[in-house]
Amino acid sequence: MLKLSHADYDALRAHGEETYPHECCGVLLGKNDADGNQVHKIVRAGNTRTDRAHDRYNIAPEELIRVQRQARGLGLDIVGFYHSHPDHPAQWSKTDFDEAHWVGCSYIITSVEHGKATLSNSFLLTGTGEEDKKFVDEQVQVVAGEAGSAKENV
Amino acid sequence: MKIHIPTPLRQYTKGQQTVTVGGTSITDALQDLTTNYPELRNHLYTGEGKLRSFVNIYLNDDDIRYLPEKEATKTGDDDELTIIPSIAGGN
């Protein structure tokens, strides 16, 4: 299960609306515990795929390193990522799968239809590595305030 | 020197997010890392021993692929290596 606050949930969906018709992307910082990944903070990232930003995204490694340093400073880990699918379902694609390498992390995908965020789904990348990785549907629990107390499932 | 380990690979470093290694070059440091944590090797390198295409390694703020001497670059105790798998996708 992925837990995140209403504020973060709304913010990552708003990001997808802002960048429409291009894909947005960002990083989920938090903690992993027995219940799954808990998001404490989201960090927006730039999409370097300006050649086809309508259906591709890429986060520059330099930016990822900065975010990882930020996480370390806050006592948090990178626990996942988010991106949008403009006018496309909130379902992982073959490209998403091929390019997913962070086993144990959550990948949130938000469908943005005609500029409006609709469904947001999360997929947990499981396995031990490239040979056996797979995406598993993951329940998203949106909570009031900090990602700590359960309130609402989506 | 220190090597920062990304979340998915920490299961192979006994949960450590940063490990300290010896040596005087990037090659030495990575060799030390995979000697101490042998399960990492398959996750960093292909069967032919090449760095996997989606694995980025930075010496401080520089991608080691673009350093003039690449992995032969000399390092000091205060340098830091960061391993960071790529993030990309799309519909």
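## Basis of the model

Residues are numbered from 1 along each chain as its sequence is written, and chains are lettered from A in the order in which they are written. In this predicted model, local features need pLDDT of at least 70 and side-chain atom pairs count only at pLDDT 80 or more, while totals for chains, interfaces and linings use all residues; side-chain values use heavy atoms, without hydrogens and water.

## Domains of chain A

Chain A is assigned domain 1 (27-82) and domain 2 (108-139), with bounds from an automatic or database domain assignment. Their centres, taken over C-alpha atoms, are 14 Å apart.

## Nonpolar cores

A nonpolar core is a set of buried Ala, Val, Leu, Ile, Met, Phe, Trp, Tyr and Cys residues joined through side-chain atoms within 4.5 Å; buried means under 20% relative accessible area (1.4 Å probe, protein chains only). The largest such core has 26 residues, and those with the most contacts inside it include Val27(A), Trp102(A) and Ile87(B). Helices here are DSSP runs of at least four residues, and strands of at least two.

A second, separate core of 24 residues includes Ile5(B) and Leu81(B).

## Strand E6 of chain A

Seven of the eight residues of E6(A) are buried. Strands pair if DSSP finds at least two bridges between them. E6(A) runs parallel to E5(A), with seven bridges, and antiparallel to E7(A), also with seven bridges. Tyr107(A) has Phe123(A) in E7(A) as its bridge partner.

Terms used: Buried means under 20% relative accessible area, exposed over 50%, partly exposed in between (1.4 Å probe, protein chains only).
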